[in-house]
Amino acid sequence: MTKQIAAIRGMNDIYGQQAMAFQKVLQAAEQTLHQYGYQPIRLPLVEKTELFARSIGEVTDIVEKEMYTFADRNGDSLSLRPEGTAGCVRAMIENGLTHNQIQKLYYSGPMFRHERPQKGRYRQFHQLGVEVFGLNGPDIDVELIALSARLWEQLGLNGLELQINSLGSQQARTAYREDLVAYLQSRIDELDEDSLRRLNTNPLRVLDTKNPAMQDVVANAPKLMDALDVESKQHFEQLCAQLDDLGLDYVINPNLVRGLDYYNRSVFEWVTKDLGAQGTVCAGGRYDGLVEQIGGKPTPAVGFALGIERLMALIIDQQSPEDSIPADIYVVLAGDQAARPGLVLAEMLRDALPSLSVQMNCGGGSFKSQLKKADKSGATYAVILGDNEVSQQVAMIKPLREQSEQQSLAWDELVAFFSQRM
Ligand code: ATP
Ligand code: MG
């Protein structure tokens, strides 16, 4: 036998129940986003490396050690996108889309980060991202949170906690950074390797550590919330008040800092305890400085991204979804004369009943084995076509889920029969 070729570590095939749950997230998200008037945008998977370095930040984990970066045939340094915001902002600027207009956008697709693969953490993973340009908030920040809360409800997910914080303005953060570094230096013997590295490059990220041994250091650190500038403080108070108006519960987590440099003011995460260490299913916040930072006119912006694999795992845990699409009607073909008219009949039913799944037995098989497949398909009815039925232009309808008699109906009566019952 020829040697098999395996997939790349951390890049998974998604099939069966997982694929069904994945699709469920996308469909529910599209419906919810439509309710709020958000528009789709499609963006490239590959961008110039410089775009990510300048937006995400040179000294973030992503840019320092997680990007898939390569030289293309012209020698330009390109990277597979590790997240979607940078590319979206680039597209806004390049196409003049923030000029005197508000944009409410969403996209979804694969992202790439060379992280250590583990449950809920992969090298190719999928995000659905939502971005709004041109609004200062906090009303729009609240809209994004309400929209995500509605999505969890739509998906029937329980146990998600909303955590919020404010990172303040750039200036407030610079002042705070000095206090934080002084504090961390006073406990330098307790810092782990990652935190020591971050101490000089990106000290706020120390607060985001996932290391349980660091929890006491983090818990007693000075709080960014106490160092906020006046405007950010007001923004945050209004955000909280508006969340209260909508009855949306939240927990203020002063150590929520986010892993990317570009955030300011409101940041939020939706977190579950059901997925182990990788409990954040959705994360976002305001990034008012980013458009200008990558060459556009100053434009306020806010957005979030949700991790589809983590939501998919939650759906499977909480709901055990189907692993295939259940049929409503299954067409059984008995006898040699039925195959070709069977195709025509199935297409006719699909034309007339577009909301039903009409699955046809392809590939032959005995009558008995076809009926078995019909039963397994989950169909409510089998439509049986044998040589006799074909010659008389009728079909046999066999109820599969209840004890009632089968009956013979003319082809032109079938649509009325099914539309009354399904
Ligand atoms: P984490 O703290 O879990 O590493 P992050 O802060 O790096 O997350 P973001 O860049 O904000 O995450 O991405 C938004 C969401 O995308 C995360 O909350 C998570 O649900 C998902 N996500 C991020 N990285 C991965 C990954 N490597 N594999 C699967 N999902 C991921
Ligand atoms: Mg990360």
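This is a predicted model: local features need pLDDT of at least 70, side-chain atom pairs count only at pLDDT 80 or more; totals for chains, interfaces and linings use all residues.
Eight aromatic pairs are present in the structure. In one of them, the ring centres of Tyr381 and Phe417 are 5.5 Å apart and the ring planes meet at 75°; because planes over 60 degrees apart count as edge-to-face, the pair is assigned to that class. Tyr381 belongs to strand E14 (residues 381-385), whereas Phe417 belongs to helix H15 (residues 411-421), so the pair ties together parts that are 36 residues apart in sequence. Both Tyr381 and Phe417 are buried.

Phe417 also forms an aromatic pair with Phe418, with a centre-to-centre distance of 5.2 Å and an angle of 80° between the planes, and this pair is likewise edge-to-face. The relative accessibility of Phe417 is 8%, so the residue counts as buried, the limit being under 20%. Phe418, at 0% relative accessibility, is therefore also classed as buried. Elsewhere, Phe133, Tyr262, Tyr263 and Tyr287 make up one aromatic cluster.

Phe133, a member of this cluster, is also among the residues in contact with Gln103. Gln103 is located in strand E5 (residues 103-112) and has a relative accessibility of 11%, so it counts as buried. Two polar partners of the Gln103 side chain can be described. The backbone oxygen of Leu97 is reached by the side chain of Gln103 at 3.0 Å, and the side chain of Gln101 makes a polar contact with that of Gln103 at 3.3 Å. When neighbours within four places in sequence are set aside, the contacts of Gln103 are Met92, Leu97, Glu131, Val132 and Phe133.

Technical notes
Residues are numbered from 1 along each chain as its sequence is written. Chains are lettered from A and ligands numbered from 1 in the order in which they are written. Side-chain values use heavy atoms; hydrogens and water are left out. Rings of Phe, Tyr and Trp (its six-membered ring) pair if their centres lie within 6.5 Å; planes under 30 degrees apart count as stacked, over 60 as edge-to-face and the rest as tilted. Helices (H or I, at least four residues) and strands (E, at least two) are DSSP runs, numbered from the N terminus. Buried means under 20% relative accessible area, exposed over 50%, partly exposed in between (1.4 Å probe, protein chains only). A polar contact is a pair of N or O atoms within 3.5 Å; within protein, one must be able to donate a hydrogen and the other to accept it, and residues adjacent in sequence count only if both atoms are side-chain atoms. Contact means heavy atoms within 4.5 Å.
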